[in-house]
Amino acid sequence: SADANSAVPMTVHRLNQLFDAGHPSNNVSRAGLVVHQHDNTEGWDTGIYMPQVDSGFAERWSTSVVNRRIPGTYNDECGIVIDPSAVQVLCSYYHDMVSWSTGCASVNMRMDSPTSKPRETPYPPDQLKDMLEMSSEIQQRRDPAQTKELWQRGNGEPNTGDASFWQGKYNEVVIDGKHYSASLPSAVVAVFYVEGGDPDGPACAERTRSDIMEKYGVEEEQLPIVVYARSANSTHAFHSPP
């Protein structure tokens, strides 16, 4: 694994820079921030930073790309920001594609308002830019009130029947789980929770950072906890906890 002491700590200022500068690109380091949130692919008794060992999730892990134009996230829970060097994209899509059970094999097309360039299969790695263009189109075309309502619904898995999962409130980017895991602990550059989100968010973020610190000997100052103000209109998307 990577040297726990070699990584340069990620600052709130730098997170905001990357978030603001993110744009559709096949280069994940230019696309914005790659984030993973608690989605039960991590195992019940471990931090949310590691996919379950000896499972399909160890091979493929679900993330999202967020930036100023596509701030939507999978849920309201805590999450991690992943270093681009730890990301190898396997496939992506502009809304949830049920990778839990199908991986990159198929998607579920339930959009009430399809994109200008609809696609019935996941995008391959060399078409990440095309996916992000459609994700941006979707997240930018809604009025703020409707977008906010979508983000506040459907927490957890999409098998609840909540149609908001299929409306593009977030994108799904499936990455190589083994490459990510081999890049730990430097693969995680920050831990976050959503402002106004799940009440357990701050505690979940603390638990996740503590798990990483204990396992890898990472110092607290090397792994910041930040608050994500999930709105395209926020002056600063990330800020330090109160």
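## Exercise 1: The disulfides

Cysteine 78 and cysteine 204 are joined in a disulfide, with 2.0 Å between their sulfur atoms. Work out which parts of the chain this bond ties together, then describe the other disulfide in this predicted model.

**Solution**

Step 1. Cysteine 78 sits in the loop between β2 (60–66) and β3 (79–82), while cysteine 204 belongs to helix α8 (residues 201–216), so the bond ties together parts that are 126 residues apart in sequence.

Step 2. Check their surroundings. Cysteine 78 and cysteine 204 are both buried.

Step 3. Turn to the other bond. The structure holds 2 disulfides, and cysteine 91 is joined to cysteine 104, again with S to S 2.0 Å. The angle about the S-S bond of cysteine 91 and cysteine 104 is -85 degrees, which is left-handed.

Step 4. Judge burial by accessibility. Buried means under 20% relative accessible area. Cysteine 91, at 2%, therefore counts as buried, whereas cysteine 104, at 34%, counts as partly exposed.

Step 5. Write the pattern. Counting bonded cysteines along the chain gives 1-4, 2-3.

## Exercise 2: Two sides of a helix

Which residues of helix α1 (residues 12–21) are buried, and what covers them?

**Solution**

Step 1. List the buried residues. In α1 they are Leu15, Asn16, Leu18 and Phe19.

Step 2. Look down the axis. The buried residues of α1 fall within an arc of 165 degrees, so they line one face of the helix.

Step 3. Turn to the face pointing away from that buried side. There α1 carries the exposed residues His13 and Ala21.

Step 4. Find the cover. The buried residues of α1 are covered by elements including β1 (33–37), β2, β3, β6 (188–194), β7 (225–228) and β8 (238–239).

## Exercise 3: The nonpolar cores

Find which members of the largest nonpolar core touch the most other members.

**Solution**

Step 1. Start from a general idea. In soluble globular proteins, nonpolar side chains tend to be buried together.

Step 2. Name the members. The largest nonpolar core has 45 residues, of which Tyr49, Ile80, Ile82, Tyr94, Tyr180, Leu184 and Val188 touch the most other members. Helix α5 gives the largest share of this core, 5 residues.

Step 3. Look for another core. A second, separate core has 16 residues, among them Leu18, Phe19, Val189 and Ala237.

## Exercise 4: Rings and charges

How many aromatic pairs are there, and which parts of the chain does the pair of phenylalanine 19 and tyrosine 228 tie together?

**Solution**

Step 1. Count the pairs. There are 10 aromatic pairs.

Step 2. Classify one of them. The ring centres of phenylalanine 19 and tyrosine 228 are 5.9 Å apart and the planes lie at 75 degrees, so this pair is edge-to-face.

Step 3. Phenylalanine 19 is in helix α1 and tyrosine 228 in strand β7, so the pair ties together parts 209 residues apart in sequence. Both phenylalanine 19 and tyrosine 228 are buried.

Step 4. Widen the view. Ring pairs link Phe19, Phe192, Tyr228 and Phe238 into a cluster.

Step 5. The charged end of arginine 119 sits over the ring of tyrosine 123, 4.7 Å from its centre. The charged end of lysine 215 sits over the ring of tyrosine 216, 5.7 Å from its centre.

Notes. Residues are numbered from 1 along each chain as its sequence is written. This is a predicted model: local features need pLDDT of at least 70, side-chain atom pairs count only at pLDDT 80 or more; totals for chains, interfaces and linings use all residues. Side-chain values use heavy atoms; hydrogens and water are left out. A disulfide is a pair of cysteine sulfur atoms within 2.5 Å. Helices (H or I, at least four residues) and strands (E, at least two) are DSSP runs, numbered from the N terminus. Buried means under 20% relative accessible area, exposed over 50%, partly exposed in between (1.4 Å probe, protein chains only). The arc is that of the directions from the helix axis to the C-beta atoms. Contact means heavy atoms within 4.5 Å. A nonpolar core is a set of buried Ala, Val, Leu, Ile, Met, Phe, Trp, Tyr and Cys residues joined through side-chain atoms within 4.5 Å. Rings of Phe, Tyr and Trp (its six-membered ring) pair if their centres lie within 6.5 Å; planes under 30 degrees apart count as stacked, over 60 as edge-to-face and the rest as tilted. A charge sits over a ring if NZ of Lys or CZ of Arg is within 6 Å of the ring centre and within 35 degrees of the ring normal.
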